[in-house]
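Trainee: Please pick one spot in this protein and take me through it closely. I'd like to see what surrounds it and how it ties in with the rest.

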Amino acid sequence: MAKAKTDAVKKEPAPFKPASIRAPKEKTPAGPAELITYGTGRRKNAVARVWVKRGNGKITVNGKSLEEYFARPVLRMIINQPFAAIDRIGNFDINCTVCGGGLSGQAGAVRLGICRALDIYDSIFHKPLRQGGFLTRDSRVVERKKYGHKKARRSFQFSKR
């Protein structure tokens, strides 16, 4: 009969080596022209990531110009409202990526992202943006469909006979 193995091969666990911790890189003080701030905006199902820096008013949405992406003037007006509230129209360059939802929800998400980024950029902008209601997230979303109903509240047509 074969001899049973009693001496199991035991491997020593590797000694614990902490992950290399790097010291943070020295940041050069960024002047007002180099400062880039980030803000996230959400509206309905749309999510926008917005970067704001000082510039000449160029707004880019998903790699396209504002007029090309948001063709309706009402949507462009929604996005430009924060700049009118702080009297800085054409002073900032905006670069944003937005996904989800429809165009109206995306415009609202971009506006909230711009406002949050401007609030971080300079605390002077907080009061006019707050008074205009631009820093508050609109929490309204589509109501869910219920069973026994055609839509959220609409019932099936009742037939007496």
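Mentor: Let's begin with a working term: two residues are in contact when heavy atoms of theirs lie within 4.5 Å. Keep in mind that this is a predicted model, so local features need pLDDT of at least 70 and side-chain atom pairs count only at pLDDT 80 or more, while totals for chains, interfaces and linings use all residues. Numbering starts from 1 along each chain as its sequence is written, and side-chain values use heavy atoms, with hydrogens and water left out.

My pick is strand β1, which covers residues 36-43. Helices (DSSP runs of H or I, at least four residues) and strands (E, at least two) are numbered from the N terminus. The protein has four helices and five strands, in the order β-β-β-β-α-α-β-α-α.

Start with Thr40, which sits in β1. Is Thr40 buried or exposed? Thr40 counts as buried because its relative accessibility is 19%; the cut-offs are under 20% for buried, over 50% for exposed and partly exposed in between, with a 1.4 Å probe and protein chains only. Across the 161 residues of the protein, 27% count as buried. Setting aside neighbours within four places in sequence, Thr40 is in contact with Val47, Ala48, Leu112, Gly113 and Arg116. The Thr40 side chain also makes a polar contact with that of Tyr38, at 3.0 Å. A polar contact here is a pair of N or O atoms within 3.5 Å; within protein, one must be able to donate a hydrogen and the other to accept it, and residues adjacent in sequence count only if both atoms are side-chain atoms.

Trp51 belongs to strand β2 and, at 31% relative accessibility, is partly exposed.

Now on to Arg43. Which residue does Arg43 form a salt bridge with? Asp138 is the partner, with the closest N and O atoms 3.5 Å apart; the rule asks for a side-chain nitrogen of Lys or Arg within 4 Å of a carboxyl oxygen of Asp or Glu. Arg43 lies in β1 and Asp138 in the segment after α4 (126-131), so the pair ties together parts 95 residues apart in sequence. Arg43 is buried, at 17% relative accessibility, whereas Asp138 is partly exposed at 23%. Asp138 also meets Arg140 in a salt bridge, at 2.8 Å from N to O, and Arg140 is exposed at 57%. That makes a linked network of Arg43, Asp138 and Arg140. The salt-bridge count comes to four, and one of them pairs Glu143 with Lys146 at 2.5 Å.
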